[in-house]
Amino acid sequence: MENETEIKILLTNDDGIRAEGLISLARAMSGLGDIVVVAPASQQSAVGHSITLHKPLRCIPEPDFPVKNIRVFSTNGTPTDSVLLGIHGIFGEKPDIVISGINSGPNLGYDVTYSGTVAGAMEGVVAGIPSISVSMGAFENIDYDGCARFIRKLTKLVVASNFKSVVLLNVNYPNLPEESINGVAVTRLGQRWYDDVLHKRVDPRGREYFWVTGKSVSACSQPDTDACELERGFISITPLSLDMTDTQSMDEIAGILTDSFVGK
């Protein structure tokens, strides 16, 4: 029998406190240890790694959350705010792991820079905590439970492992029955292109406005990438780094600038 106080787990998402993916994840984690959920009260998709600085943050208990015997709070902030509140306001110390999701729809390629789901996990890494962001490879008719069971297993593995650095794992899970999944692939970020990304419209008063939308027109174009392996029926796990330095270009840029500026 698992020790109910063994692991301290902070859960968040960007789809909101009542999202089915979060509920399924919380249910799967129940019994692993001290579980705290802090999530936005409303939809926060595509907010990126934004933080609230110019208004008060609320952290409201949610006694009617469908999963019992865990602490659950909603906030008027972002996923990043949620993780800050969970660490400093609820736990008062670092949990063992932060998990953000389960998101409705994938977070692949450069889309991770927009994703509130990935940002929640990023904030965990900023605090020095191993973190997982997890998304489903579909937007409709989603079965979250198989993914949630996989994340439970992955959570125990990550917490027990002695990684050299604080890991951020971005997981994209195929919307398939567990027996139809081909396996697990460790991947790199791919590229996704979108068509028709901005619509210009006119409101009833004759004023122009714009609606950001777009449909992905390219996914599995590069082997060994997250999008390609997900399309092939594999669970894609991409280790992400917050160090965005382009180390390959440093010497070249330094050489170019040395001719015009003093020093390197």
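The legends below describe close-up views of a predicted model. Residues are numbered from 1 along each chain as its sequence is written, and side-chain values use heavy atoms, without hydrogens and water. Because the model is predicted, local features need pLDDT of at least 70 and side-chain atom pairs count only at pLDDT 80 or more, while totals for chains, interfaces and linings use all residues.

**View 1. Helix H1 and its surroundings.** Helix H1 spans residues 20-29; helices (H or I, at least four residues) and strands (E, at least two) are DSSP runs, numbered from the N terminus. Of the 10 residues of H1, 8 are buried, so the helix is mostly covered; buried means under 20% relative accessible area, exposed over 50%, and partly exposed in between (1.4 Å probe, protein chains only). The buried residues are Gly21, Leu22, Ile23, Ser24, Leu25, Ala26, Ala28 and Met29. They pack against strand S1 (7-12), strand S2 (33-40), S5 and H4, where contact means heavy atoms within 4.5 Å. Just after H1, Gly31 has a positive phi of about 100°.

**View 2. Ile23 in helix H1.** Ile23 belongs to helix H1 and counts as buried, at 13% relative accessibility. Leaving aside neighbours within four places in sequence, Ile23 is in contact with Arg18, Phe65, Pro66 and Val67. Val37 lies 14 residues from Ile23 along the chain, and the C-alpha atoms of the two are separated by 9.7 Å.

**View 3. The crossing of H1 and H4.** The axes of H1 and helix H4 (residues 144-160) come within 9 Å and cross at roughly 45°. That makes H1 oblique to H4. Axes are lines fitted to C-alpha atoms, for helices over the stretch in contact, with angles from 0 to 180 degrees between N-to-C directions; angles under 35 degrees count as roughly parallel, over 145 as roughly antiparallel, 65 to 115 as roughly perpendicular and the rest as oblique. H1 and H4 cross in a right-handed sense; a crossing is right-handed if the near helix is turned clockwise from the far one by less than a right angle, and left-handed if anticlockwise. From H1, the residues Glu20, Gly21, Ser24, Leu25, Ala28 and Met29 meet Tyr144, Asp145, Ala148, Arg149, Ile151, Arg152 and Thr155 of H4. The contact of H1 with H4 has 6 nonpolar, 3 polar and 4 charged residues, where Ala, Val, Leu, Ile, Met, Phe, Trp, Tyr, Cys and Pro count as nonpolar, Asp, Glu, Lys and Arg as charged, and the others, Gly among them, as polar.

**View 4. The packing of H2 and H3.** H2 and helix H3 (residues 116-126) pack at an angle of about 30°, with their axes 8 Å apart. That makes H2 roughly parallel to H3. The crossing of H2 and H3 is right-handed. Pro79, Thr80, Val83 and Leu84 on the H2 side meet Gly116, Ala119, Gly120, Glu123 and Gly124 on the H3 side. By class, this contact of H2 with H3 has 4 nonpolar, 4 polar and 1 charged residues.

**View 5. The aromatic pair Phe150 and Tyr173.** The structure holds 1 aromatic pair. The ring centres of Phe150 and Tyr173 are 6.0 Å apart and the planes stand at 45°, so the pair is tilted. Rings of Phe, Tyr and Trp (its six-membered ring) pair if their centres lie within 6.5 Å; planes under 30 degrees apart count as stacked, over 60 as edge-to-face and the rest as tilted. The pair links distant parts of the chain, with Phe150 in helix H4 and Tyr173 in strand S7 (residues 168-173), 23 residues apart. Phe150 is buried, with a relative accessible area of 17%, and Tyr173 is buried at 3%.

View 6. Asp96 is found in the loop between helix H2 (79-91) and S5. With a relative accessible area of 27%, Asp96 is partly exposed. Not counting residues up to four places away in sequence, Asp96 touches Glu6, Ile7, Lys8, Ile129, Pro130 and Val159.

View 7. Most residues other than glycine have a negative phi, and most peptide bonds are trans. Gly101 and Ile102 are joined by a cis peptide bond, with omega about 0°; Ile102 is in strand S5 (residues 97-103). Asn69 has a positive phi near 65° and lies in the loop between strand S3 (59-61) and strand S4 (71-75). At 82% relative accessibility, Asn69 counts as exposed. Asp224 also has a positive phi, near 70°, in the loop between strand S12 (215-218) and helix H5 (226-231).
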